Amino acid sequence: MKGVLDKEYAVARQVKRSHIYRLRRRTFEVVNDIRIFSSERPQTILDIGTADGLMLGTLKEKFPGAVCAGIEYACDLVACNQNKTIHLVRGDALALPMKTKVFDVVVATAIVEHLSHPIQLIHESFRVLKKNGILIVTTPHPFWEGIATRVGHLKKDEHAEVMTLSRLQSLFEEAGFKVIKAEQFMISPIGMPFEMVFERILKCCGLNFLLLNQVIVGRRTDQ
């Protein structure tokens, strides 16, 4: 796995404006998609690549009746979690240490681009989801990722593969998911006033390509 993170990442998510904003913005998308696409209030949520568990803690606040579990590869990040209402374990996104069909929602934000075999994460997510459960994935847009790398905002070898929505959709469908949402979001890497208003305007004008990040939601519809 490329770009495995450490405690410096956890510190940055507490103090660095860009990290704080990106976490908040991705969390907003995830919470909104759970509310829209989860057929009932979720009882079980899994966050793959949960890092220090900050997003998962917010999900627990928004859905207090849910058991919230997180998987993280980096031991240092697991140790950073201080939230006793969520459950974090060290594990591999490509071989989840969970039983089949136990989760209503699986979340994987800003992780699929780090994996050499992203389809395996999607297959594993399908396996652990209940029927009608949903998988929510976010990932940077390849064009803006390339610019961020060229200007030094990202390390050159931090990500293994940055995919388009169409590529992600094909992987979701290959794994058995029905794609129910696929769109871009995030107008600025550090946030801005009235950002949601401007995003809606760009989308209405067909200027989605100007948005920096991508979200895709799939539903497990088999028996």
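In which sense do strand 1 and strand 2 pair, and over how many bridges? They pair in the parallel sense, over five bridges. The close-ups below start from this pair. The model is predicted, so to speak of local features a pLDDT of at least 70 is needed, side-chain atom pairs count only at pLDDT 80 or more, and totals for chains, interfaces and linings use all residues. Residues are numbered from 1 along each chain as its sequence is written, and side-chain values use heavy atoms, with hydrogens and water left out.

View 1. Strands (E, at least two residues) and helices (H or I, at least four) are DSSP runs, numbered from the N terminus. Two strands pair if DSSP finds at least two bridges between them.

**View 2. Strand 1 (residues 44–48) is covered on both faces.** Five of its five residues are buried. Buried means under 20% relative accessible area, exposed over 50%, and partly exposed in between (1.4 Å probe, protein chains only). Thr44, Leu46 and Ile48 lie on one side. Ile45 and Asp47 lie on the other. In a regular strand the side chains alternate between the two faces of the sheet. Leucine 46 stands opposite alanine 69 in strand 2. Strand 1 also pairs with strand 4 (residues 103–109), in the parallel sense, over three bridges. There, aspartate 47 has valine 107 as its bridge partner.

**View 3. Two right-handed β-α-β units share strand 2.** One is made by strand 1, helix 3 (residues 54–62) and strand 2. The other is made by strand 2, helix 4 (residues 75–80) and strand 3. A crossover is right-handed if, with the strands pointing away from the viewer, the path from the first strand over the helix to the second runs clockwise. Strand 2 (residues 67–72) and strand 3 (residues 87–90) pair in the parallel sense over four bridges. Glutamate 72 has arginine 90 of strand 3 as its bridge partner.

**View 4. Helix 7 (residues 165–175) has buried residues.** They are Leu165, Leu168, Leu171, Phe172 and Ala175. Seen down the helix axis, they fall within an arc of 120°, so they line one face of helix 7. The arc is that of the directions from the helix axis to the C-beta atoms. On the other side, Ser166 and Glu174 are exposed. The buried residues of helix 7 pack against helix 5, strand 5, strand 6 and strand 7. Contact means heavy atoms within 4.5 Å. Glycine 176 follows helix 7, and its phi is positive, near 110°.

**View 5. Serine 125 sits in helix 5.** Serine 125 counts as buried because its relative accessibility is 0%. Serine 125 touches Ile48, Leu96, Val106, Leu135 and Phe177, not counting residues up to four places away in sequence. Leucine 135 stands opposite glycine 218 in strand 7. Strand 5 and strand 7 pair in the antiparallel sense over seven bridges.
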